[in-house]
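Hello,

Here is the structure I promised to pass on to you. Please open it alongside this email, and then read on for what was found.

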Amino acid sequence: MPLSREDREAFLAEPHVAALSIASGPNRGPLTVPIWYQYTPGGQPWFLTGVGSRKHRLIEAAGHLSLMVERVEPTVRYVSVDGAVARIEEGTDEQLVEMTRRYLPPEAVEPYLEMARREHGPSVAVHLRPQHWFSADMGGF
């Protein structure tokens, strides 16, 4: 059964790891990779990726992308959203901290941030303009 707008946006706002899919060229399937993302109901999902990374280059070329999140307990539920890239901007340390706090337990935040600042290099924040939603909750089956 499809989720209501409120339910799908609330589900997307939970800290799931998303599957990011981006067109990767002729005669190839899309690049599909796991990614941390941030979302507030009614807003634009966003995520960070390395400047000049394959993801960054493909997103710039395609101009569109999809995110899909799922769970299997207590029921199978998923939300997929796709649309145009609203903007790509320089990633900030504040965004890195926000994302890290969203996904990691408090005791792991500072060690991860130290490693990411040292090893990941500059990032961009990619913002998605949601245009198409597909969702379901398979509860009761």
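Which residues of helix H3 (residues 93–103) are buried? Please keep in mind that this is a predicted model. The buried residues of H3 are Gln 95, Leu 96, Val 97, Met 99, Thr 100, Arg 102 and Tyr 103. Their cover includes helices H1 and H4 (106–119), together with strands E3, E5 and E6.

Those strands belong to an open sheet of 6 strands, ordered E2-E1-E4-E5-E6-E3 and paired in the antiparallel sense. At its edges are strand E2 (31–35) and strand E3 (46–50), each of which pairs on one side only. From one strand to the next, the twist averages 30 degrees. In general, the strands of a sheet pair through backbone hydrogen bonds, either parallel or antiparallel.

A handy place to look is Gly 50, which stands opposite Ser 123 in E6.

Helix H1 (residues 5–13) is also worth a look. H1 lies across strand E4 (64–71), strand E5 (77–90) and E6, and runs at about 65 degrees to E5.

Val 72, Val 76 and Met 138 make a nonpolar patch of about 250 Å². Met 138 is found in the segment after E6. Is Met 138 buried, partly exposed or exposed? Met 138 counts as partly exposed because its relative accessibility is 39%, and buried would need a value under 20%, exposed one over 50%.

Enjoy exploring, and write back with any questions.

Best wishes

Note on methods: Residues are numbered from 1 along each chain as its sequence is written. This is a predicted model: local features need pLDDT of at least 70, side-chain atom pairs count only at pLDDT 80 or more; totals for chains, interfaces and linings use all residues. Side-chain values use heavy atoms; hydrogens and water are left out. Two strands pair if DSSP finds at least two bridges between them. Helices (H or I, at least four residues) and strands (E, at least two) are DSSP runs, numbered from the N terminus. Axes are lines fitted to C-alpha atoms, for helices over the stretch in contact, and angles run from 0 to 180 degrees between N-to-C directions. Contact means heavy atoms within 4.5 Å. Buried means under 20% relative accessible area, exposed over 50%, partly exposed in between (1.4 Å probe, protein chains only). Patches are made of residues with over 30% relative accessible area and no salt bridge: like charges are joined within 9 Å, nonpolar side chains (Val, Leu, Ile, Met, Phe, Trp, Tyr) within 5 Å. Accessible areas come from the Shrake-Rupley method with a 1.4 Å probe; for residues, only the protein chains shown count as cover. A salt bridge is a side-chain nitrogen of Lys or Arg within 4 Å of a carboxyl oxygen of Asp or Glu.
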